[in-house]
Amino acid sequence: TYKTNFRRLSERFGETPLDLVTTNELKDLGRAVFALSIRNGGIGIGAQSSFVHSARFYYRIAIADGVLRDNPAQGLELPRRRRRVRRALTEAELTAVYETVLDTSRDPPLDMLLLDFHRETGARRGGAVALRISDVNPARPSVLLREKGGHEREIPASLNLIRRMLDTAERRGAKTPNDAVFRYRNGDALTRRRYNTVFGHVQRELEWARRLHVSIHWFRHTTLSDVAAVSGMRVAAAFAGHED
């Protein structure tokens with residue numbers, strides 16, 4: 001998570017003693033990260049937020065190790081996130097996303113499986129990335145999601161989806177209960193970067209998706225909206241893993 005920004009800190013301050021780096025210098029580097037993200041087609045806020053978290057963590061470790069007394073990153077402020085429209089996708093929009101992913105994917109079996117997984121379970125990205133063979137239970141059938149905050153929740157999934165997941169994982173080298181379910185063709189475990197690639201294609205091909213910044217999280221909203229329509233908000237909240 002922090003590797004890219006640790007490298008940035010090293011490149012900018014590698015020859016500077018830790019106690020001579022100032023808050024203003026860190027702010028300047030944060031603004032440079034924001035600008036670089038914009039030039040590369042991003043929105044800047046996420047990249048700058050990641051930098052702030054990374055810098056705070058880095059200097060907290062320095063203090064914990066006794067090599068620094070004050071944290072210059074403590075004065076860094078997180079950029080305010082823009083309020084975005086986020087809603088359930090319509091049937092036509094879902095179809096358009098599926099078709100676009102299928103047309104642009106270099107690994108259709110993986111990408112279509114991911115879309116189906118999130119459409120059924122309403123899982124966050126982290127739930128898919130962290131999913132292991134031992135988390136998949138064909139007997140119920142269900143999957144155990146381990147997501148942010150260390151929370152776990154069991155979610156029903158169709159037997160067809162579970163069979164596809166396990167078959168694909170086995171073909172791609174999964175052997176032990178602790179092996180990742182979602183894997184690239186070379187056998188490496190799925191990373192969050194895959195979602196950026198997939199929905200980068202979606203946003204380039206579909207103008208409305210680009211305007212709304214559609215991501216895999218929209219699948220989560222769509223599924224939770226469906227659950228709420230059938231079973232009510234309390235069931236949807238439990239399905240989402242929210243506090244009661």
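Visitor: Which values apply here?
Guide: This is a predicted model, in which local features need pLDDT of at least 70, side-chain atom pairs count only at pLDDT 80 or more, and totals for chains, interfaces and linings use all residues. Residues are numbered from 1 along each chain as its sequence is written, and side-chain values use heavy atoms, with hydrogens and water left out.

Visitor: What describes two packed helices?
Guide: The angle between their axes and the distance between the axes. Here H5 (residues 108–121) packs against H8 (residues 193–205) at about 100 degrees, the axes being 12 Å apart. H5 and H8 are therefore roughly perpendicular (65 to 115 degrees). Axes are lines fitted to C-alpha atoms over the stretch in contact, and angles run from 0 to 180 degrees between N-to-C directions. Helices are DSSP runs (H or I, at least four residues), numbered from the N terminus.

Visitor: Which residues of H5 and H8 make the contact?
Guide: With contact meaning heavy atoms within 4.5 Å, Leu110, Asp111, Leu114, Leu115 and His118 of H5 meet Arg194, Tyr195, Val198 and Phe199 of H8.

Visitor: Where does His213 lie, and is His213 buried or partly exposed?
Guide: His213 is in the loop between helix H9 (207–212) and helix H10 (217–231). Its relative accessible area is 28%, partly exposed (buried is under 20%, exposed over 50%, partly exposed in between; 1.4 Å probe, protein chains only). Phi of His213 is near 55 degrees, a positive value in a residue other than glycine.

Visitor: Where is the cis peptide bond?
Guide: From Arg140 to Pro141, with omega near -15 degrees.

Technical notes. Helices (H or I, at least four residues) and strands (E, at least two) are DSSP runs, numbered from the N terminus. Angles under 35 degrees count as roughly parallel, over 145 as roughly antiparallel, 65 to 115 as roughly perpendicular and the rest as oblique.
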